[in-house]
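Thanks for coming. I will walk through one structure, a piece at a time, and give the cut-offs as the terms come up. Please have a look at it first.

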Amino acid sequence: MSAVPEVMPTAQDILADEAASLWLRSALQAALERDPVDALNDALVLAAALDAHLRIELALEDPS
């Protein structure tokens with residue numbers, strides 16, 4: 001099972017969803033106030049860093 005939903009919610013859906021974490025809603029709100037290209041680029045870098053961190057923490061693969 002994947003954490004990514006089949007139908008991606010919109011930014012407004014996430015902001016309105018009380019089940020969404022405060023961290024996610026706060027980060028999304030801040031990102032929406034930025035240049036969308038810069039915000040997306042930073043989000044992709046963050047996602048890659050978090051993915052690498054997860055893999056290291058769970059010893060899923062060699063980080064190099």
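Let me start at A59, which sits in the segment after helix 3. Helices here are DSSP runs of H or I with at least four residues, strands are runs of E with at least two, and both are numbered from the N terminus. Before going on, two remarks on the source. Residues are numbered from 1 along each chain as its sequence is written. This is a predicted model, in which local features need pLDDT of at least 70 and side-chain atom pairs count only at pLDDT 80 or more, while totals for chains, interfaces and linings use all residues; side-chain values use heavy atoms, with hydrogens and water left out.

Back to A59. What is its phi? A59 has a positive phi of about 50 degrees, although it is not a glycine. A59 also counts as exposed, at 64% relative accessibility. For that term, buried is under 20% relative accessible area, exposed is over 50%, and partly exposed is in between, with a 1.4 Å probe and protein chains only.

Now helix 3 itself. Helix 3 covers residues 36-57, which is 22 residues. From its first C-alpha to its last it reaches 31 Å, close to the 32 Å expected at 1.5 Å a residue. The expected span is 1.5 Å times one less than the number of residues.

Next, the salt bridges. How many does the structure hold? There are two, a salt bridge being a side-chain nitrogen of Lys or Arg within 4 Å of a carboxyl oxygen of Asp or Glu. One joins R55 and D51, at 2.9 Å from N to O. These residues are four apart in helix 3, so about one helical turn separates them. In general, an α-helix has 3.6 residues a turn, so residues three or four places apart point the same way. R55 is partly exposed at 30%, and D51 is partly exposed at 35%. R34 forms a salt bridge with D42, where the closest N and O atoms are 2.8 Å apart. R34 has a relative accessible area of 39%, partly exposed, and D42 is partly exposed at 42%.

Last, the largest pocket. It holds about 500 Å³ of space. Of the 16 residues that line it, the closest to its centre are L24, A27, L28, A31 and A43. Which element gives the most to the lining? Helix 3 does, with eight residues. Helix 2, residues 22-32, also supplies at least two. By class, the lining has 14 nonpolar, no polar and two charged residues.

A31 is in helix 2 and is partly exposed, at 26%. Volume is the space filled by probe spheres set on the points, joined across faces, edges and corners. Ala, Val, Leu, Ile, Met, Phe, Trp, Tyr, Cys and Pro count as nonpolar, Asp, Glu, Lys and Arg as charged, the others, Gly among them, as polar.

Key:
1 Å grid on protein atoms, 1.4 Å probe; cavity = no way out; pocket = protein on both sides within 12 Å on 5 of 7 lines; lining within 4 Å.
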